[in-house]
Amino acid sequence: MTPELLVVKDLSTTFDTPAGPLAAVGNVSFDLNQNETLGIVGESGSGKTVLSRTVMGLQPRTNVTVTGSVLLNGFEVVGASDVEKQKIWGLQVAMIFQDPMTSLNPVMRIGKQIDEILRVRLGMDRSAAKARAIELLELVGIPSPAERYSDFPGQLSGGMRQRVVIATALAGSPQLLLADEPTTGLDVTIQAQILNLLDEIKERMKMSVVLVTHDLGVVATRTSRLIVMYAGRIVEMGSTREVFANHRMPYTRALLDGSPKVSNPSHTRLLAIPGRPPNLLNLPPGCSFAPRCSFATDRCRQERPELQPASAPGHSFACWNPLPTSRGATS
Amino acid sequence: MSSSYFVNELVEESTTQVTPERKKKLGILFWICVSWLLLNLLGAILANVLPLQNPLFQNYSVINAGPSLHHLFGTDDLGRDIFSRIVYGSRVSIEVSLGSLLIGFGIGAPLGMLAAYRRGKFDSLLTTFMYTFLAFPAIIATIAVLSFWTPRSLLKIIIVVGIASIPLVYRVIRTATMNIATKDYVIAAKVQGATDWRIMVKELLPNVLPIGVSFLLIGIATVITLEGSLAFLGLSVNPPTPSWGNMINESRTILQQNPWLAIFPSLALCLFLLCLNFIGDRLRSHFEVTEGNL
């Protein structure tokens, strides 16, 4: 049993808005082992990005309250000052952003953006840092890295830029990599390349990866465990295989029905989830998904279901009327 | 024959377009403006060395003369050479503009960047203060201060105009920085463990710089106009020291006898400002397009 790298307990992120408190992330608990890939899926606005940023310790300076605990390698992220967090940022935890078009400084050569961290944080001298930066560029699959070293971001395509972004994130050899929708801004063909690259690097550098996405196809084969979020809360979590095969929460089913499958005959209509995600300022008292759920009962609308364990170890879900599993077990 | 000509032309065209090093041209007018400013600057610096007539020497045998070979722009009502007074006068304008913008940018720009990056209470307090300052028209505020702060000297004018320009610089730099501070690459640098200081210098400053530079050029023009207005009201440097503004002021009384006295300093002022504005505008659009391409 490998020790846990990341332990998140009862984490809530609440924004103080003029209209009242808005719980973008509510009572989330999960953990992550070393060299494991965890997927976080959910619709837009389900709190995935806020969750990953909170885990990172990135919040706006004002109007936000974070409670709970994020223990990263024994370091408590919640409540730590920026100066304290600067010690782990880059070296223990790094982040890849959604849009490679905006996550590189347009007026700085890409090589410089990579070797900044090497020189400032790892104390390498100029030539050693340059050599290592070129090595990293090669690692992320950039052709003729020594020449690309002095290119500006504007001279590279989107896929190449995302590779550079990954290289900058890897520069400090972090143990945890948070990838916040790393492929949303890219073409489908490039998406697969980037995801395979992340996988390969994760194995090579023995990192753990948190993959945040709204695309179930992305997480299906690349993650070992999966968290499904809705309205800022975890509604189902478990091993990826278990969640795909024996999901109990109707929302997970709806998400799966909403993504195309190769086994379907052509021109099969995708099932869209009716309605919209709830307004986080004005959550219904019961299950947040109840207004859109076809299985909802009065109990669902009155009482909020808590996460409960399912039959498979590590699998849990929050639902009063869980779907039957393929094994025929009830809750 | 004709087809090969076309092919050649096409090839040439495509190669010039593909070359990534080829920069977008700034245009001939831009360079004319730059050389004009440099010429003015050079004249101001080298005024003592150049074979100019003494700008203070009063030659009563030629008063209110029109342009001639001996007095290129003519003479004023005291027989002083206008050309040499314009060259010496540019010193005051340039000194006041550079000096006060050094104060304006030296204080306004770092504060603006800091406020935009840190936000929170610091930002709201400072911004409220600066905007309150902005509510007073600069000309009235400077007139008020300069009327009481006597005897006047160049340094005092620089300080007063400089302080008056701080909120203007602050506003422009703060807005520009705010736009950049929310970009992902700034957050990316932060989560790589970059210190605030490093983010300001390496990430924010290079991206704010083009806007800062073009505002600086437009700012110089504004400050020169302000100095001109103050001089026209007799609140700038004391006569007989020439400045473009007080030369225009002096010409007012004898406009009918000697219109040249008004025309030349006004022309010098106008051309200088026009060039500054044009360059600033040109640079801004030049950098803006580059940013859009990225």
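A crossing of two helices is left-handed if the near helix is turned anticlockwise from the far one by less than a right angle, and right-handed if clockwise. In that sense, α3(B) passes α4(B) in a left-handed crossing. Helices (H or I, at least four residues) and strands (E, at least two) are DSSP runs, numbered from the N terminus.

This is a predicted model: local features need pLDDT of at least 70, side-chain atom pairs count only at pLDDT 80 or more, and totals for chains, interfaces and linings use all residues. Residues are numbered from 1 along each chain as its sequence is written, while chains are lettered from A and ligands numbered from 1 in the order in which they are written.

**Chain A meets chain B**

- In the model, 26 residues of chain A are in contact with 18 residues of chain B. Contact means that the C-beta atoms, placed from the backbone, lie within 7 Å.
- The side of chain A that touches chain B has 13 nonpolar, ten polar and three charged residues. Ala, Val, Leu, Ile, Met, Phe, Trp, Tyr, Cys and Pro count as nonpolar; Asp, Glu, Lys and Arg count as charged; the others, Gly among them, count as polar.

**The open sheet of chain A**

- Four strands of chain A form an open sheet, in the order β2-β1-β4-β5, with antiparallel pairing. Two strands pair if DSSP finds at least two bridges between them.
- The edge strands are β2 (20-33) and β5 (75-76) of chain A, and each pairs on one side only.
- Helix α1 (residues 48-56) of chain A packs on this sheet and touches β1, β2 and β4 (64-72) of chain A. The direction of α1 makes about 65° with that of β2(A).
- Strand β1 (residues 4-17) of chain A runs antiparallel to β2(A), joined by ten bridges. A:Glu4 has A:Asn33 as its bridge partner in β2(A), and A:Thr17 has A:Gly20.
- A hairpin through two residues joins β1(A) to β2(A).
- β1(A) also pairs with β4(A), in the antiparallel sense, over eight bridges. There, A:Lys9 stands opposite A:Ser69.

**Strand β3 of chain A**

- Strand β3 (residues 37-41) of chain A is largely enclosed by the rest of the structure, because five of its five residues are buried. Buried means that 20 or more other C-beta atoms lie within 10 Å of the residue's own; 12 or fewer is exposed, in between is partly exposed, and C-beta atoms are placed from the backbone.
- Both faces of β3(A) are covered, with A:Thr37, A:Gly39 and A:Val41 on one side and A:Leu38 and A:Ile40 on the other. In a regular strand the side chains alternate between the two faces of the sheet.
- Five bridges join β3(A) to strand β8 (residues 208-213) of chain A, and the two run parallel. A:Ile40 is bridged to A:Val212 in β8(A).
- β3(A) also runs parallel to strand β9 (residues 225-230) of chain A, with four bridges. A:Leu38 is bridged to A:Arg225 in β9(A).

**Helix pairs in chain B**

- Helix α3 (residues 82-118) and helix α4 (residues 120-135) of chain B pack at an angle of about 135°, with their axes 7 Å apart. That angle makes α3(B) oblique to α4(B).
- Axes are lines fitted to C-alpha atoms, for helices over the stretch in contact, and angles run from 0 to 180 degrees between N-to-C directions. Angles under 35 degrees count as roughly parallel, over 145 as roughly antiparallel, 65 to 115 as roughly perpendicular and the rest as oblique.
- B:Leu111, B:Ala115 and B:Arg118 in α3(B) meet residues of α4(B) including B:Phe122 and B:Leu126. The contact of α3(B) with α4(B) has four nonpolar, two polar and two charged residues.
- Helix α5 (residues 138-148) and helix α8 (residues 196-232) of chain B pack at about 50°, with axes 11 Å apart. The crossing of α5(B) and α8(B) is right-handed.
- The contact residues are B:Ala138, B:Ile139, B:Thr142 and B:Leu146 of α5(B) and B:Leu226, B:Ser229 and B:Leu230 of α8(B). Five are nonpolar, two are polar and none is charged.

**Covered places in chain B**

- Helix α7 (residues 184-191) of chain B is mostly covered, with seven of its eight residues buried. The cover includes α1, β6 (93-96) and α6 (158-170) of chain A together with α6 (154-181) and α8 of chain B.
- B:Gly193 follows α7(B) and has a positive phi, near 90°.
- B:Ser236 lies in the loop between α8 and α9 (244-251) of chain B. B:Ser236 counts as buried because it has 27 C-beta neighbours inside 10 Å.

Note on methods
Contact = placed C-beta atoms within 7 Å.
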